[in-house]
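Colleague: Could you take me through one part of this model up close? I'd like to start with a single spot and then see what surrounds that story.

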Amino acid sequence: MVRARGLRKSFGTEGKGEGVFEAVRGIDLEVRRGEAFGFLGPNGAGKSSTMRMVAAVSPVTAGELRILGLDPATDGAAIRARLGVCPQEDTLDTELDVRDNLVVYARYFGIGRAAARARADELLELVSLADKARAKVDDLSGGMKRRLTIARSLVNRPDLLLLDEPTTGLDPQARHVLWDQLFRLKQQGVTLVITTHYMDEAEQLCDRLVVMDKGVVAAEGSPAELIRQHSSREVAELRFGHAGGDGPDPHELHAEQVADLADRVEVLPDRLLVYTADGDAVVEAVHARGLRPVATLVRRSTLEDVFLRLTGRTLVD
Amino acid sequence: MATTDPSLQTGSLTGTLTAVRRLAPYFATVAARTWKGSVVSAFLSPIFYVLAMGVLLGGFIEVDPDRLEGAGTYLAFIVPGLVAGHAMQTAVADTSWPVFSNFKWNRVYDSMVATPITVRQVALGHLAYVTVRVTLVCAVFDLVVAPFDVYGAWWGPVAALGAQALTGLLFATWMYGFSCRIETDAAFGVVFRLVVFPLFLFSGAFFPVANLGAVGERIAQVTPLWHGVNLSRMLSLDRVDGPTALVNVTVLVLLSAAGLVWAVTGLERRMAR
């Protein structure tokens with residue numbers, strides 16, 4: 001569905017005093033039909049720039065990109081006719097009501113008036129907004145706006161649905177409603193491409209993903225594969241209290257004392273992450289050494305740990 | 001329903017016309033939302049102008065028609081110029097904040113170009129809408145003042161409407177391109193005060209540009225609005241000087257064509273960010 005080789009995107013032109021900013025610095029990827037493919041990375045990793053190129057709205061700076069087998073440089077309109085795009089920021093028209101947002105958008109695809117209206121009603125039903133059809137967009141909650149944007153992206157029955165940070169800014173309940181709807185779309189055979197900086201979202205939705213950082217792909221695989229390859233099975237989180245005053249960071253100090261108990265130890269500002277196959281055993285051993293963390297938590301490794309391992313940084317800061 | 005029809009191959013005239021037609025429901029919906037205000041102001045503006053300029057101010061002005069470029073009354077003199085100036089102001093207003101907001105604030109353009117419609121087609125579609133709106137506003141103006149015996153022939157206002165529409169297109173394209181190239185909307189205030197308002201005052205709408213003296217007259221005659229005002233007036237009064245009219249039409253058409261390029265490249269640059 002999507003194939004990229006050495007894909008690059010830069011902004012600004014050399015010699016104009018603006019400097020060149022390289023948002024995407026040579027990535028390879030392959031999205032297959034029917035899968036949910038994710039771009040996981042922090043803000044500024046190049047996810048949205050990549051997404052805009054895949055959406056055939058932003059010209060490719062260098063490298064090769066094929067979307068649905070077509071070249072966006074020459075067949076942009078034909079590609080976009082088969083894509084659904086849910087942008088990071090809602091681009092709903094606040095001056096039109098909920099239903100007109102869908103109807104007018106359907107007309108851009110050349111869908112006739114009657115068919116556009118029927119499709120709008122069908123989609124409002126799908127995203128549970130039928131009772132809001134005549135409401136003003138501004139009166140919708142954040143979650144409802146997102147659902148409307150997703151409904152709009154489905155208006156042309158796309159083969160490929162692009163979702164840029166679909167649940168950013170939503171409360172947990174609204175996120176779960178949305179995930180459920182995206183999951184159902186995938187069941188219906190729609191190929192999904194999702195960017196997110198939430199590891200739980202990536203784990204929930206994506207069959208396969210790339211971890212992006214600073215414009216490059218740091219790793220690629222299924223969530224389970226990535227965790228297996230780049231992290232331990234479990235993580236013991238240890239939180240130590242400050243000894244008081246401006247003393248040295250207790251986490252730095254204790255990191256050395258537990259280093260031999262684990263595969264790897266990461267120091268975060270507020271806790272230690274101890275990577276191991278058996279978290280409970282580590283916690284016991286820590287106590288046995290007379291160390292007294294104020295809080296401990298044993299959990300499975302997540303994509304967050306993978307990201308930390310690959311980049312030395314956390315996803316959301 | 002996913003379409004890959006060849007008429008949407010970008011660059012072709014059919015493709016562009018198809019795209020403009022597909023954008024029409026959007027602009028129709030926008031127009032439908034604001035039609036009451038538009039209609040009221042379309043009818044009230046000419047009435048205010050006629051009252052203030054034609055009746056109240058014009059009452060003081062009694063000159064030989066030869067000094068008023070052939071107009072029998074001051075009202076008949078200023079009406080065609082006012083309408084051309086009104087076309088400029090409507091076009092500039094419609095392509096300032098409404099355009100800026102479409103890529104900066106409500107991002108309506110972003111949603112349009114996510115579909116088979118291209119950036120160029122979006123710019124052309126929006127300009128087509130503005131030109132239609134300007135033409136309707138001017139038609140109402142021409143109609144409202146018709147009972148005041150201001151036209152030299154029945155077809156005068158009809159032909160003048162063409163000149164006024166062309167004037168609207170010209171200013172719409174240039175303002176459109178400008179709106180695409182600025183970073184903050186504060187620049188609009190400067191344009192309105194330092195470009196639009198002086199043009200309106202000194203391009204021959206209110207007095208014959210000959211009154212500006214030889215140098216002033218030459219300067220006024222190179223402003224784009226003067227060509228619109230002059231053409232509109234000659235047609236309206238049925239006092240057409242062929243060679244001058246040809247120059248006026250040529251200038252308006254060439255500047256509009258250049259403006260179209262400026263507008264389209266402006267939006268293309270803006271949307272490529």
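Modeller: Let's start with a term: a residue is buried if 20 or more other C-beta atoms lie within 10 Å of its own, exposed if 12 or fewer, and partly exposed in between, with C-beta atoms placed from the backbone. Ala56(A) is buried, with 29 other C-beta atoms within 10 Å. Its phi is near 60 degrees, a positive value in a residue other than glycine. Most residues other than glycine have a negative phi. You'll find Ala56(A) in the loop between helix H1 (47–54) and strand E4 (62–67) of chain A; helices (H or I, at least four residues) and strands (E, at least two) are DSSP runs, numbered from the N terminus.

Quick housekeeping: this is a predicted model, where local features need pLDDT of at least 70, side-chain atom pairs count only at pLDDT 80 or more, and totals for chains, interfaces and linings use all residues. Residues are numbered from 1 along each chain as its sequence is written, while chains are lettered from A and ligands numbered from 1 in the order in which they are written.

Now hop over to chain B. Asp149(B) is not a glycine either, yet it has a positive phi of about 55 degrees. Its loop runs between helix H5 (119–144) and helix H6 (156–181) of chain B. Asp149(B) counts as exposed, with 10 C-beta neighbours inside 10 Å.
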